[in-house]
Each structure stands twice: as C-alpha cells, then as structure tokens.
Amino acid sequence: MCGIVGYSGSRQATVVILDALKKLEYRGYDSAGVAIVGDDMQVHKDKGEIAVMESTLPDFKGGVGVGHTRWATCGRPSKENAHPFVDCTGRIALVHNGILENYAEIKRKLITEGHRFTSETDTEVLVHLVEKYFHGDLRAALNEALKEVRGSYAIVMVQVGSDKVVATRKENPLVVGLGVDENFIASDVTALLDYTNKIMYVMDEEVVELDPHRVRIFDRDGEEVKRQPEIITWSAEDAQKGGFEHFMLKEIYEQPEAIHNTLLGNVNALESGEFMPNVDFGGIKILACGTSFHAAMVGKYVLEKVAKIPVTVELASEYRYATGAKECPLVILISQSGETADTLAAAREAGRRGCRTLAITNVVGSSITREVGETFYTRAGPEIGVAATKTYTAQLVALYLIAMRIAYAKKTMSTDHLREMRAALIALPQVVRRVLDNASEAEAAAEDLYQARDIFFLGRNINFPVMLEGALKLKEISYIHAEGYAAGELKHGPLALIDSRTPVVAAVIKDHTYDKMMSNVAEVQARDSPVLAIGTEGDQDLPNVVSRVILIPEVPAMFVPFPLSVVLQLLAYYTARRKGCSIDKPKNLAKSVTVE
Ligand code: G6P
C-alpha cells in the first residue's frame with residue numbers, strides 16, 4: 001500500500017502535492033518523493049516520512065506534478081527505491097501503488113534493450129516500458145506498456161512539455177478530484193478534501209487523462225466514458241478511515257485485499273520455488289509474540305498436516321531460556337512490525353545457535369530482516385489500529401504458502417489435494433468478503449457480551465489457536481477478561497468458573513470436531529452459560545441448540561481459521577464499541593513493543 005497524488009492546475013503543484021501526500025501518510029511512510037514538471041523534470045525524494053523529504057525540498061516551480069508516500073513491498077525503503085521514477089530521457093515521471101508480478105523478466109529485457117535502472121523496485125520497469133512505447137502520446141504509451149505487465153497497480157504519470165496527468169488503476173484505488181482551473185488525482189478522497197469535494201471514482205483498468213480544464217476517462221477499449229461527479233460530505237478525518245469509524249474496522253475490511261496481495265505472485269511460484277528454493281530441513285520451530293504467536297500456532301497444524309514436518313511453537317520471549325532442547329534446523333520468526341524486541345532477540349539467539357532463520361513480516365527492511373537469512377513479506381499494507389487484524393490473516397496466508405511450497409517440493413501430498421488447497425487459498429478473499437457482509441450479526445451478538453466480566457472462547461484442533469486469538473482481540477480492545485481454551489481442557493479446571501454470567505463463544509464447525517464441540521456446548525449450557533456458537537452455513541441443528549449463532553461459509557476444514565478469525569475480530573470490535581472503548585489505541589498497549 002502506498003499513497004499517490006497527481007495535480008495539474010493554477011497553483012504551485014509542490015504545495016498541493018505535499019499537502020495531499022501528508023493526508024495519505026497512513027497508507028505508507030517509509031519514503032516519499034515528488035516530481036514537478038518544469039523545463040526539465042524536477043525530482044526530489046528521500047527515505048523516511050514526508051517531513052524528511054520536505055525539509056530538503058528545493059523550490060520547484062510548476063503547476064503539474066506527481067507525488068508518492070511509500071510502504072515498501074519490492075525493494076527496501078531507501079532514497080533510490082523511493083518514487084517517482086523517471087525514464088532514461090528524464091522527461092517522464094511515474095508513481096505506482098501495487099505489485100507487478102512479472103517485473104523481473106521485463107527488467108531483464110529492458111536492460112538488454114539499453115534502459116538504465118537505478119532501483120530495486122518493480123515500479124521502475126513501468127516508466128521504462130512507457131518510454132519504450134512513447135511517440136508523443138503518453139496515454140497511448142501507457143496502454144502499450146500495460147499489455148506487458150501482470151499484477152495490480154494504480155499509476156500516475158506526468159511528462160515534460162505537457163500539462164497532462166495520465167493515470168490508471170487495477171485493484172488499487174484511484175479517485176479524481178475536480179476543481180476550477182485545476183484537477184487532481186489521488187489514492188483516496190482524504191488527500192483532496194481540502195481542495196474539492198467533487199469526486200469521480202476511477203474503475204479497474206480505466207485510463208484517466210486530466211489537465212487544468214478537463215478530465216477524460218477511457219475504458220479498457222479506449223472508449224471515452226461519461227461519469228457524473230459525486231459530492232463527498234465526509235470530513236477529512238473520516239475520509240482517512242475510508243468512512244469507517246475506526247482504523248481497526250477499516251483494516252478488518254481490508255483483509256480480502258491483504259490476503260489477495262500476499263497470495264499474488266507467490267501462489268504461482270509454489271511449484272517453481274521462487275520463494276524458499278531450499279526446503280531441505282527436517283523440523284521447524286516458530287517463534288513469535290502476541291497475535292503473531294497465535295498465527296504460528298495455526299501454522300503448526302498446517303505445516304504438520306501438509307508438509308509433514310514436525311513443528312514446535314514457542315513464545316519468542318521464552319526461547320532464550322530453552323537451552324536444553326535439540327536445535328531445530330529451521331527457525332521461523334513471525335513479527336508483523338519486524339521490530340518486536342523479544343522476537344528480534346530470539347532471531348539473534350537462533351542465529352547464534354546455528355539455525356537457518358526465516359522471518360515473516362509486513363514491513364520491508366524492518367530490523368528483523370537484518371537478523372535472519374531469509375524473509376517472506378506479507379503484503380497487508382500499514383496497519384494503524386493497535387490490535388492486529390489484517391496483518392494476522394496475511395501471516396496465516398504466508399504460513400499456508402510455506403507449507404504448500406514444502407509439500408510441492410517434497411511431494412508430501414497428492415497433486416490433486418494440493419490443487420484443491422490452491423483453489424481454497426485463491427477463494428479466500430471472496431470467503432472473507434461474505435463474512436464481512438454479515439458483520440451485523442457480530443454487532444448484534446456483541447449486545448450479549450459487552451456487560452460480561454469474563455468470557456471463554458472454546459475451540460478444538462486448528463480452531464483452538466484461532467479462539468486464543470479471538471480472546472486476545474477481545475481483551476485487548478474491550479478490556480473484558482477473556483480466555484481461549486482447548487474445549488477438551490475445559491473440564492480440567494475452568495468449568496468451575498462457568499455460570500449464567502459467563503458467556504462462552506464456541507467454534508462448532510462442521511468437521512471432525514463437531515460432535516465433541518456439541519458436547520462441550522451442552523456441558524457449559526448445563527451450567528447456565530449463554531453460548532454464542534460460530535458454526536457452518538447449512539447446519540440445521542446448531543441454531544436450535546444455542547441462544548445465538550453466527551454461521552460462516554463452508555470451506556475445507558484447514559481454511560476455517562480465515563472466516564472464523566474475521567468473525568471474532570468483528571465480535572471484539574463491536575463489543576468494544578458498545579462499551580465505548582478507545583478502539584484504535586487501547587490503554588497500556590503499543591503497536592510495536594521495542595522493549596524486552
Ligand atoms: C504488540 C501488539 C500486538 C502484537 C505483538 C507482536 O504486543 O500490541 O498486537 O501481536 O506486539 O507484534 P509483532 O509486530 O511482532 O507481530
């Protein structure tokens with residue numbers, strides 16, 4: 001995720017673009033840059049937040065330009081990898097938000113054709129492709145370039161000698177803002193609300209050409225599209241949250257995209273081994289904290305079942321004390337921020353013990369990537385809410401992909417079975433969307449929970465750690481004491497705490513754990529506990545047994561953690577909201593904990 005802006009009009013473009021970029025900083029903040037059209041292309045960029053780049057920005061004059069604030073996905077955060085990129089002639093500048101899957105092969109080809117590259121990014125191939133096809137018409141050149149790229153993008157470009165801004169999108173947002181003697185384009189309306197509330201949304205694969213007086217939109221066949229502007233009534237703050245009340249809710253809703261982006265490219269590389277080429281190890285240890293630790297626990301089930309490799313999961317903060325155990329050949333460290341002190345210390349310790357180390361993180365170039373041998377990046381975009389949501393489901397995707405990568409390489413599963421798993425993975429964004437469409441059920445269920453002092457979350461098998469995570473989410477943001485339990489363990493202690501004032505949330509999924517979970521539900525109901533069951537669509541029995549039920553789409557048993565996690569996130573969110581808690585910034589908690 002990155003923030004992009006384009007402007008053409010009567011004001012100084014630098015001022016408008018900087019201002020708009022700052023509103024988009026929530027979309028990324030590891031480097032930033034602008035390109036302003038003058039006699040030459042005037043480009044300035046730097047590593048760090050926009051303010052860093054701004055502090056050394058020369059006084060560029062001109063009414064046309066583009067800007068970018070980056071959240072790195074391909075190439076670490078650095079001045080060289082910051083956008084905008086210019087072509088070899090220095091006359092075209094381009095910014096991009098998204099991921100190009102086949103950039104490496106295009107780059108090889110362009111280099112043999114004489115193009116000079118200055119960065120490690122996928123984006124840079126776009127500007128050279130446009131240069132290659134440019135014969136005076138930027139829009140035509142863009143159309144040609146797009147025929148060669150595979151992936152997702154929002155692109156904005158400008159060119160010396162022209163007051164036009166040319167842009168397009170596929171699976172990444174882009175909106176046009178209409179002004180008087182000026183027009184704008186940006187990743188979202190937040191960036192533009194200080195200037196205009198007249199907005200036109202750009203649809204997938206449309207191309208936009210704007211100058212100070214006119215905006216033209218073309219469909220993928222090059223036909224001009226007529227579109228009425230919409231008037232936005234949100235405040236700038238609401239707009240930054242995309243109209244959602246909290247970042248957490250917005251991020252819960254971003255999960256289809258986060259899952260899709262993390263799959264992109266990787267799911268096609270399962271057989272070729274472009275990621276994790278060497279799968280030659282006999283055991284795995286996974287180390288993490290908090291929500292990432294719960295992702296690790298789900299990952300254990302998947303890795304053991306699919307890759308047939310024994311997996312141990314340990315809290316990163318406890319790893320240093322486990323001195324006696326035989327060391328594992330591969331240690332996976334999971335940290336969405338890549339900055340958690342306990343996980344960093346564990347990575348160093350694993351290195352000292354001579355283990356091969358692999359990090360799963362959402363932040364390109366974060367500290368953990370410097371402590372490990374290999375890194376797998378999730379592509380969830382920046383997460384602002386303290387409670388991890390989209391980064392967690394993206395971590396799950398990473399672990400499933402790693403398990404399947406090993407299975408493909410070691411043939412631990414039949415090709416038919418792997419094909420089914422692959423299809424289930426690809427279908428996940430759609431499954432999650434269906435859960436989100438039913439969010440009102442979680443909102444209603446929160447009414448039963450918000451006054452409770454203690455709540456138990458029960459599950460079995462792969463859904464046990466999912467319930468641990470559900471309990472963690474609830475306690476983090478609603479301050480209700482919640483405990484996740486393996487349902488079979490209930491009778492060995494916690495049953496003593498169950499009564500009519502202690503609600504139980506139970507995962508009663510139609511799989512091999514169903515009958516036993518039904519018994520556990522009966523067990524707590526016999527102690528008068530109000531039960532919220534999360535079950536499978538089509539289950540006729542469950543709704544007759546419990547006081548409240550939320551049904552999730554039927555997916556293969558191994559994939560239930562995705563829809564189930566999303567329901568639990570919504571449940572935590574709505575319960576906290578009902579209590580009036582500070583959802584995005586819960587008391588005593590921090591997004592990344594850099595002390596041990
Ligand atoms: C903090 C956050 C948690 C997070 C944990 C691990 O405690 O509040 O939400 O799960 O750190 O963070 P990491 O960035 O390492 O995944």
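**Entry 1: a lysine on the inside**

I started with Lys-45, which is buried but has no salt bridge. The nearest side chain of opposite charge belongs to Glu-124, and it is 7.2 Å away. The cut-offs I used: buried means under 20% relative accessible area, exposed means over 50%, and partly exposed is in between, with a 1.4 Å probe and protein chains only. A salt bridge needs a side-chain nitrogen of Lys or Arg within 4 Å of a carboxyl oxygen of Asp or Glu. For charge, Lys and Arg count as positive and Asp and Glu as negative, while His and the chain ends are not counted.

A note on what I'm looking at: this is a predicted model, where local features need pLDDT of at least 70, side-chain atom pairs count only at pLDDT 80 or more, and totals for chains, interfaces and linings use all residues. Residues are numbered from 1 along each chain as its sequence is written, and side-chain values use heavy atoms, with hydrogens and water left out.

So what does the side chain of Lys-45 reach? I found the backbone oxygen of Ala-82 at 2.7 Å. The backbone oxygen of Pro-84 also lies 2.7 Å from a polar atom of the Lys-45 side chain. Lys-45 itself sits in strand E3, residues 41–47. Helices (H or I, at least four residues) and strands (E, at least two) are DSSP runs, numbered from the N terminus.

**Entry 2: salt bridges**

Next I looked up how many salt bridges the structure holds. There are 33. I reminded myself that side chains of opposite charge can pair when their charged atoms come close.

I picked out Lys-22 and Glu-54, whose closest N and O atoms are 2.9 Å apart. Lys-22 is in helix H1 (residues 13–23) and Glu-54 in helix H2 (residues 50–55), so this pair ties together parts that are 32 residues apart in sequence. Are these two buried or partly exposed? Lys-22 is partly exposed at 37% relative accessible area, and Glu-54 is partly exposed at 29%.

Then I checked Lys-132, which pairs with Glu-113 in a salt bridge, 3.3 Å between the closest N and O atoms. Lys-132 lies in helix H4 (residues 124–133) and Glu-113 in the loop between helix H3 (103–112) and H4, so parts 19 residues apart in sequence are tied together. Lys-132 is partly exposed at 27%, and Glu-113 is partly exposed at 40%.

Asp-416 and Arg-419 also meet in a salt bridge, 3.3 Å from N to O. They are 3 residues apart in helix H14 (residues 415–437), which separates them by about one helical turn. Asp-416 is partly exposed at 47%, whereas Arg-419 is exposed at 53%. I also noted a network, in which salt bridges with shared partners join Asp-19, Lys-23 and Asp-194.

**Entry 3: the ligand**

Which residues are closest to the ligand? I wrote down Ser-292, Ser-335, Gln-336, Ser-337 and Thr-340, out of 13 that surround it. A residue is near if one of its heavy atoms lies within 4 Å. That shell divides into 4 nonpolar, 7 polar and 2 charged residues. Here Ala, Val, Leu, Ile, Met, Phe, Trp, Tyr, Cys and Pro count as nonpolar, Asp, Glu, Lys and Arg as charged, and the others, Gly among them, as polar. Helix H9 (residues 290–307) gives the largest share of the shell, 3 residues.

I then listed distances to oxygen atoms of the ligand. One oxygen is 2.5 Å from an N or O atom in the Thr-340 side chain. For the Ser-335 side chain, the distance is 2.6 Å. A polar backbone atom of Gln-336 is 2.7 Å from a ligand oxygen. The protein covers 90% of the 390 Å² of accessible area that the ligand has on its own. Accessible areas come from the Shrake-Rupley method with a 1.4 Å probe; for residues, only the protein chains shown count as cover.

**Entry 4: helix H8**

Last, I looked at helix H8 (residues 255–263), where 7 of the 9 residues are buried, so H8 is largely enclosed by the rest of the structure. Among the buried ones are Ile-259 and Leu-263. Just after H8, Gly-265 takes a positive phi of about 80 degrees.

Key:
Polar contact = N/O pair within 3.5 Å; in protein donor to acceptor, adjacent residues only side chain to side chain.
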